[in-house]
Amino acid sequence: MKSLVGDAETTAAPRETAGEVLAIRGGRPLTGRVEVKGAKNLATKAMVAALLGETASVLRDVPDISDVQVVRSLLEVHGVTVRDGDEVGSLRLDPSGAVSAHFEEIDAHAGASRIPILFCGPLLHLLGEALIPDLGGCRIGDRPINFHMDALRAFGAVVDKSYEGIRITAPNGLHGADIELPYPSVGATEQVLLTAVRARGVTELRNAAIEPEIMDLIAVLQKMGAIISYEPNRVILIEGVEKLRGYDHRCIFDRNEAASWACAALATDGDIFVGGARQQEMLTFLNVFRKAGGWFDVHEDGIRFRRDEALKPVMVETDVHPGFMTDWQQPLIVALTQAEGTSVVHETVYENRLGFTEALVQMGADIVVHPQGLASPDRRVPRRALEQAAVITGPTPLHGADVVVPDLRGGYSYLIAALAAEGESTVRNVGILRRGYEKLLDKLDALGADYDVIG
Ligand code: EPU
């Protein structure tokens, strides 16, 4: 058996350009060590923040994922010079040549990403105009941008919609605002932060998201010269300043990826050391992991995950931080198919994030999705009538199937379901996973997965 603690990950040159279709022979435990780098959901935002500085910024531990490539090329389209930094995985971002871009250019580089929307505040400060083409991202619900637009209007921006996309201008500059979000949206909170730091006057943001990645973005902005404080009850105060400088920052680790590998250990009855994972940001996940029959051991350089005993059913509802993240439920559900009894997972953050379970049913899982939830919709999130609940009854042996990756987290869950299942599976569209999982195939190799790249 491979040593689980202290080994460096054995990775050859990245093979992430290959592998849209995998043939996976499952039924063997994933065992070994993987490293997680900086969080996708911080790195991409910190890269945008570099636009606000008068000098170059350096971002460290940037994951080599396609969402980062998208933001890199969007920054380059806007005249930012992006170079590899002084250490592996670091980027140097110099915004001194920033210029406006056209809808078509932005559209061509945005790919499936929703990141262009976060360029608004910095571009308005820098150039007085921001353009947003149609936005992509994972297909996990409507993913509207009304909170973003309302916040920008509160800062004094003017929003014009056209057939090409949305054009936002600030004819009289941007001023501090008093904003209460209808829901603690991660993206809208980032939008407010990236806009308020250089707006005239003070911004008070209520009902803000307080995810660790948001706190890390606040740390980035503070390094740049911003004045940001937070108070109890999701209140963030931002005092606008005239100038910001570049930053030097190491990204917070990717707790979504760490939770994904933890669930892979649970689902395949494996033993995985996740280098770079930290306990503090994963407390809620670790509680559920333990209740589901998982065992973990926290080390200075990571966390080791495996089963403790037979898997047990759990009741989980996804929520904003400090709740159980919506990005953690998909791989957990795969593990819960092997638990003795009935588990319930309520998805309350997105309205359509349990559709991926259909393929798990095809693989032998007993999962029933209740599109309206299990109780009165009034009991749950008041802002919308719809929420979904998945009832998972186990244990059910999983068998191989031919499945197509629908989105990032749902797709990862197919991968570990295929690795846990008896027989061979074909997993298509694996390229989507490169949006958020760095060196995925190398990590599968390090864990002893049995698969071939067939297309
Ligand atoms: N919402 C609105 N209006 C808005 C913005 C959001 O109604 O203007 C709703 C959304 O439809 C959703 C809820 O608010 O139902 C929460 O959305 P939020 O804005 O918090 O999500 P996001 O910023 O678009 C980020 C992550 C997601 C992660 C969520 C929740 C990035 C790039 N994406 O999305 O990550 O699930 O926060 O934590 O940071 C992923 O990594 O796979 C992923 C989807």
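This is a predicted model: local features need pLDDT of at least 70, side-chain atom pairs count only at pLDDT 80 or more; totals for chains, interfaces and linings use all residues.
Residues are numbered from 1 along each chain as its sequence is written, and side-chain values use heavy atoms, with hydrogens and water left out. Local features need pLDDT of at least 70 and side-chain atom pairs pLDDT 80 or more, while totals for chains, interfaces and linings use all residues.

User: Is helix α1 largely enclosed or exposed, and how many of its residues are buried?
Analyst: Good place to start! Helices here are DSSP runs of H or I with at least four residues, numbered from the N terminus. Buried means under 20% relative accessible area (1.4 Å probe, protein chains only). Helix α1 spans residues 40-49 and is largely enclosed by the rest of the structure, because the buried residues number nine of the 10.

User: Which backbone has a polar atom 2.7 Å from an oxygen atom of the ligand?
Analyst: A polar contact is a pair of N or O atoms within 3.5 Å. On the side-chain side, K40 has a polar atom 2.9 Å from a ligand oxygen, and D327 has one at 3.0 Å. The backbone with a polar atom at 2.7 Å belongs to V186.

User: Between which domains does the ligand lie?
Analyst: Around the ligand there are 25 residues, K45 and N146 being among the closest; near means a heavy atom within 4 Å. Domain bounds come from an automatic or database domain assignment. Both domains give residues to this shell, so the ligand lies between domain 1 (4-36 + 253-454) and domain 2 (40-250).

Notes. Buried means under 20% relative accessible area, exposed over 50%, partly exposed in between (1.4 Å probe, protein chains only). Helices (H or I, at least four residues) and strands (E, at least two) are DSSP runs, numbered from the N terminus. A polar contact is a pair of N or O atoms within 3.5 Å; within protein, one must be able to donate a hydrogen and the other to accept it, and residues adjacent in sequence count only if both atoms are side-chain atoms.
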